[in-house]
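User: I am new to this structure and would be grateful for a guided reading of its contacts and bonds.

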Amino acid sequence: VKPTDWDDEEDGDWEAPIVENPKCKVGCGEWQRPTIKNPEYKGKWFAPMIDNPAFKGPWAPRKIDNTNYFVDEHPHNVHSISAVGFELLTNSGGVLFDNILVTNSEADAKNFALNTWAARNAAEKKASGEDSLSAKAVKSMETAQALVVDLAENKPMVLAALAGGLLVAVISMLYVCCCSDSPKPVTKPASKSKANAKKTDAPSENDVVAEATDDDDSEITPAAASPGGGGSGAKKRTSRRD
């Protein structure tokens, strides 16, 4: 019984508690109405059948004699074939058939096709430009487009994997071409004579002695007394090297 203080808005929909049935510990299943045996039951009722004295059996169409009927003792002896019919269901117009050959030799059929259909097909392709590079490229693009549409409809996961692999390949190529460091210039090692030139303090022809022109890079020192004994007070400018 639903409690009197039960509020559906606050407490939700009330459901009656389930009381265990001690007789159904394993499970009784869905309840079904009990049945009792009917001693007068005779099975499903059918309309009674009575004899028909005018019944003649199942109906069949009447047969009459065919005056033109005959038995062909030699069915393989036929007249020469002068026409061949094709029953096709296609949405493409301009379908034509010619050079029809009826034979039981595969080699003769191949030779006949090479001498007739192959030569004419090559000439038609050359005249229409189907053998050109542009026509082949357009045909390849149409084939690739049809393949992509088929994968998108039937196998989308395969299409996604192919697209992901192609994207990774493109990004890798762009990174290698644009973002990689340029190779460092290779410097030739110095010759042995130049390498050993500065191992001594002896001056060489490559040494450059900078002349001091600024006051900060030179100092003035008194000159030594002249040999005559009379110091003229002249001063000597010498360069200072760090």
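The questions and answers below treat helix packing, salt bridges and cysteines in this predicted model.

User: How are helix H3 and helix H4 oriented: roughly parallel, roughly antiparallel, roughly perpendicular or oblique?

Analyst: Helix H3 covers residues 133-154 and helix H4 covers residues 156-179. Their axes lie 6 Å apart and form an angle of about 125°. Roughly perpendicular ends at 115 degrees and roughly antiparallel applies over 145, so H3 is, relative to H4, oblique.

User: How many nonpolar, polar and charged residues make up the contact of H3 with H4?

Analyst: From H3, the contact involves Val148, Leu151, Ala152 and Asn154. From H4, Pro156, Val158, Leu159 and Leu162 take part. Sorted by class, the charged residues number none, the polar one, and the nonpolar seven.

User: What separates Lys110 and Glu106 along helix H2?

Analyst: The side chains of Lys110 and Glu106 meet in a salt bridge, at 3.6 Å from N to O. Both residues are exposed. Helix H2 spans residues 106-128, and because Lys110 and Glu106 are four residues apart in it, their separation is about one helical turn.

User: Where do Arg120 and Glu124 fall: buried, partly exposed or exposed?

Analyst: A salt bridge joins the side chains of Arg120 and Glu124, with 3.2 Å from N to O. These residues are four apart in helix H2, so about one helical turn lies between them. Arg120 has 46% relative accessibility and Glu124 has a relative accessible area of 43%.

User: How many disulfides does a search of the whole structure find?

Analyst: A disulfide is a covalent bond between the sulfur atoms of two cysteines. A search of the whole structure gives a count of zero.

User: Why is Cys178 not bonded to Cys177?

Analyst: Cys177 is in no disulfide, and at 64% relative accessibility it counts as exposed. Cys178 is also exposed, at 62% relative accessible area. A disulfide requires sulfur atoms within 2.5 Å. The closest cysteine sulfur to that of Cys178 belongs to Cys177 and is too far for a bond, at 5.9 Å.

Key
Residues numbered from 1 in each chain as written. Predicted model: local features only at pLDDT ≥ 70, side-chain atom pairs only at ≥ 80, totals over all residues. Heavy atoms only, no water. Axes fitted to C-alpha atoms, helices over the stretch in contact; angles between N-to-C directions. Helix = DSSP H or I, 4+ residues; strand = E, 2+ residues; numbered from the N terminus. Parallel < 35°, antiparallel > 145°, perpendicular 65-115°, else oblique. Contact = heavy atoms within 4.5 Å. Nonpolar A, V, L, I, M, F, W, Y, C, P; charged D, E, K, R; others polar. Salt bridge = Lys/Arg side-chain N within 4 Å of Asp/Glu carboxyl O. Buried < 20%, exposed > 50% of the residue type's maximum accessible area, 1.4 Å probe, protein only.
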